[in-house]
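Please keep the sequence and the coordinates at hand while following them.

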Amino acid sequence: MTQIDRYPATDPVTTEIMRNGVLAVTEEMKTNLMRTAYNTIIYEALDFTTGLFTAEGETVSIGIGLPMFIRGMAETVKAKLRHFGRDGIRPGDILVTNDSYITGSHLNHVTFSLPIFHHGVLIGFSCCMAHWIDIGGPLGGMTTDIYSEGLQIPICKYQDEGKVNTLLEDIIRMNVRVPTRAMGDLRAQLTAVKTGERRFLELVNRYGAETVRQSIAAIMDQAEAAARKRTLTIPDGEYEAESFMDDDGVAVGKQIPIRVKVIVKGDEFTVDLTHVSEQVKGFYNSGVTAGYACAQVAFKCLTSPTDYPINDGAFRNLKVVIPMGKVISAVRPAAMRWWMTFPMTVVDTVFKALAPVIPDRVIAGHHADLVVCMGHGMNPKTGEFFLANFGPLGGGWGAKLTEDGVSGTVCINDGDTHNSPNEQTEVKSPLVVECYRLIPDSGGAGRYRGGLGVERVVRARCALTFNAQIDRAHCRPWGLGGGGEALGNSVAIEVNGEWKDDYVNAKVLVAELKEGDAFAVRAGGGGGFGDPHLRSVESVREDVLQGYVSAKAARELYGVAVDPETLAIDTAETTRLRAR
Amino acid sequence: MSAGTTRHRIRLAADIGGTFTDIAAFDVAAGELRFGKALSTPASLVEAIGDGVKKAGVNFADADLFLHGTTVAINTMLERTGARTALLITDGFRDVYEIGRVNRPDAYNLYFRKHDPLVKRAMRFEVRERMYAEGEIRTPLDEAQVRALARRLREIRVEAVAVLLLHSYRNPAHEIRVKEILQEEAPGLFVSVSHELSQEYREFERCSTVVANAYIGPRVRQYLGEIEDRLAAERFAGEFLVVQSTGGLYEAGEAKEQCVRMLESGPAAGVLGTRALCAATGIDSAISFDMGGTTAKAGVIYQGKSLTTGAALIGGYDHALPVQVAMMHIFEVGTGGGSIARIADGGSLRVGPESAGAAPGPVCYGLGGTEPTVTDVNLLLGRLAPDRFLGGEMKLDVMAAERAFRERIAVPLGMDAVEAAEGILRIAATAMSYAVKGVTTERGLDAAAFTMVAYGGAGPLHAAEVAREIGMKTIIIPVSPGHFSAFGMLFSDLRYDYVRTHPMRLSEAVFDEIEPEFGELEGTGIAAVRRTAVAVEEIVLARALDMRYVGQEHAVTVDLPGEYFADHNLEAIKEAFDRTHELRYGTSAPQERAEIVSLRSTVTGILKKPPLARVAEGKETPDARAFTGTRPVFFGGRFVDTPSYARVALVPGNRIPGPAVVEEHASTTVVLPSDTLAVDGFRNLVITIGSALR
């Protein structure tokens, strides 16, 4: 049946106009949120996601934000629908929650949904999740249950038929450290969901509700058709891979297994996460929504990476098997504060599983951690509390079958997320950044080299409390097809002029620094792809020239003898090294 | 030549684009505007200027002002044909330029690419020095090291050097000293230091700005030098001014140093033309819509002023190199006449962003293009006449376009070819309407309330659909829409923009500190204006502050009258900020504290403008000579017999009800069935949008 037969109220042209239309809606929501936001994480780091959903909670379009939040809003809308019932949701309502077990993430992700009505009929939702810089709970340290992580907002109405829930506002103000910022972010999110409502209604009024509905259905069908077509190009079979996380920060040194299985049959794709670790005591758990997101992100990358909008049609041929109680399907009261770290490694492990059959579409392991750290204290100059967050450090990405990995770029949890400029951080907080640089030799060796990791060293200008929650120090980003592994993530602290560099993991839950002390965080690189001895001598020489690879590594890993000063290649020696 | 009477009475403007070089000449004495168009000559751009001036029928020797906008700067950057450049940067930060902001907009694409630095790592050198954020020295500059570096740069035959030292916006002493040393040790080197271009924080953006300037500097300098030589040879005795991305002019000497300020000079001049047209016709607010072969661009005139922005991303969002200088605020979408229509994998119909460009071009050009484009669609629907394209210089192949369209689009979709063609046009129009709306939404303005001024080769062809999509009521097609940027330059003023980051709480703002800072910026600007030999009518100073609520991250620029500073009126400043915030974001928080991030100063030297003269109105019905025939054009689901007119024969007062097409050398205006076209006293085509939706 052609599209025209199935959807008589629309046609291919109107459908395409609508596709551009819904993209423009979520884009404008993003613009308005960003411009109105109060905190660095939203404005500078762009840690948020906006979206449009059907009346049933199916994703129509979500703006590029956090890939790993690909399911968070849809599941939230569905939960709100279950909670209130369709009849319990009325015009003028704005619904909110930050329930970790629904969003799958941490309590900072306050998620607003505005039901959109047309002539009294619910026709969809506009939603906005944004990361609040503080939601209460401890600063630094470890949590082992959700109750110690801050304010939990159950599903409720922030606005009930136009009337604002001032009690909720009071509760929020009393539970967060910087109420003006929280309320500012809340207002920014309201601007975003109202923008979504207004613009979506413009489309409905312009083209008619039924035409819009059918066009959206057609867009989803097109996304499904594309996903199925591309799944067919993956050979049938069962593919497995394994990796691990360092630990949960509580049982230090106890590795956490990540085992995935992918089953491809015809145009159906299944991700089986049954053998991922049970949920853990430390705050590295995430909810089942994140478990689904792992599978969806990996699937999207492999089947329709550049198709937009992101909508649920693209996932109709994806099946996810995941029992509850796993570290990526954790149940109450699991601690969720650092929800984002483990799912990234799950995604990478899916790529690893499929590498033997579709080497041209996957990527070697990447640094897979935001490598964020924070410092807080009292600024002696202003007498005010400061909370310094540099945003994601950026690290190395895995090499591909035909290309080097990218250096210094945010991990797969995030997309259009930015770091904070060092100058800006120094203006706002009593710190001096001593360096922000690529780490030579941190990328895995290979015919195609992995991207380089990044190091930042920061010195305190006053006493402050430092914390870092970094993983993947031990499970280093792996190579594929004979490529080497990369440098892992790490952290170090200098106290009284002495560097402590030998942490058992990359987690420093609380460290008190004095004026003049320093900390260093290092993001690892990306794994290499293919035998390093097959890398062209000229590429190795260029890497040495640019300082990405040392002459020593060129010799030992790539079998290329290059003079570090003159960059002259010793051809005979190179032939000898490569013959081995 | 009878000196004094004939000399120095012509103002010349030259806009070099990818395909054509446009000349606009205003004869002050005769009150006459002339145009010349010549093919751009990539090998020697200066030649095309000479050709165009000849075609306009004027002499360089008769001109007192030569105004110039050029793509040489942007092309050098995009085509990577700049100088062998090095970067000197604060110790510990040489990779900032490569790391950038770590973002990955192409979020699911494992083969994503990030920005590609103009200077490779081996050419980025670290300098031992450091400032604190407050501008106090943490580590003194190691001058001996800089000297050694300078000598090394000379040895390795570097042509240009960019210098970025942290917090130089608060204390430029080290950057100034590094520049001095470089000039001493390596004279002849093009040296660019960041604080001279931008005094705003954000080291990656400032770094990218100063590197771009150094990278394009030598080539731009040489190019401007060639023009100067040519002007001298032609006995031009006036002043040579270059158009900046703000639309303001600066002296060629300055342009040779601050090259990065002219990146978007052509598009900016189009917006200036729009402003001039608005001023002449009494329109308060307008959106310019400039559509060419590969892109459509929109800019804004709001309450008589063109809106500018403090930074732009050059080369597409995903791998952009940021440039942090003042620019006209222009939104761009990848839809143009050459945009290709295709069926995507899942069976959906897409228009662009791939473009057939000029080569192979649309199928109907017969130059090897095989994929149907927006231009082919216009031909199939009868909007373009196959035998009148470019004044008949180029015959269009209707049959080939139709065949390609049927095979690649209509049959696979199961649609009628003409119906699908009309659909492509609608898809293109809606896509462009989002760009046009985008430029206003970001400012909290409603595009529907604006007048559209449409130009560029394809602008007048699509303007009616785009305007209708947005709900705009009036479109103006200026005289010679294909020369509009050159026209706009004639209405430019000398302009110098400065920004300095200086964070402070508004409540603690000390006017005794602010005043000297503004005074310094303004003094620099006034001196720059006075340095030019052009007689300015007056110098206008404008002040603004970038402000935000305490705790908020992003600042908004608040234009403020000088009296607020003279009166030390904190309350008025706060109120103006609240108002701006409300307008732009729909919310404000008057009870909350505000802070200042940066001071902005604009110094404008007002030039005498060519008066736009009204022509006496003629009769309503166009002269018979204007009517060029009737042809079937597809409107509202069917072919309608549609009259065509030659624009050159239309006179003020003429009215033409839609449907109609009006043709001129490089452009065709489409008047939709329910719309009405009138020729105003300045010979502009004014289209009033009717009520029918489509």
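In this predicted model, chain A contains an open sheet of 7 strands, arranged in the order S2-S1-S5-S4-S3-S6-S7 with antiparallel pairing. For S2(A), pairing with strand S1 (residues 48–53) of chain A is antiparallel and extends over 3 bridges. A:Phe53 has A:Thr59 in S2(A) as its bridge partner.

Helix H2 of chain A lies across S1, S2 and strand S5 (121–131) of chain A, and runs at about 145° to S1(A). H2 (residues 12–36) of chain A also packs with helix H8 (residues 209–231) of chain A, at an angle of about 85° and with the axes 9 Å apart. H2(A) is therefore roughly perpendicular to H8(A). On the H2(A) side, this contact involves A:Thr14, A:Thr15, A:Met18 and A:Arg19, which meet residues of H8(A) including A:Val212, A:Ile216 and A:Ile219. The residues of the contact of H2(A) with H8(A) comprise 5 nonpolar, 4 polar and 1 charged.

Between the chains, the contact draws 71 residues from chain A and 59 residues from chain B. H2(A) contributes 14 residues, the largest share of the side of chain A that touches chain B. That side of chain A has 28 nonpolar, 27 polar and 16 charged residues.

Chain B is assigned domain 1 (10–77 + 222–262), domain 2 (78–221), domain 3 (494–606) and domain 4 (630–688). Taken over C-alpha atoms, the centres of domain 3 and domain 4 of chain B are separated by 46 Å.

Technical notes
Residues numbered from 1 in each chain as written. Chains lettered and ligands numbered in written order. Predicted model: local features only at pLDDT ≥ 70, side-chain atom pairs only at ≥ 80, totals over all residues. Axes fitted to C-alpha atoms, helices over the stretch in contact; angles between N-to-C directions. Helix = DSSP H or I, 4+ residues; strand = E, 2+ residues; numbered from the N terminus. Parallel < 35°, antiparallel > 145°, perpendicular 65-115°, else oblique. Contact = placed C-beta atoms within 7 Å. Nonpolar A, V, L, I, M, F, W, Y, C, P; charged D, E, K, R; others polar. Domains from an automatic or database assignment. Pairing = 2+ DSSP bridges.
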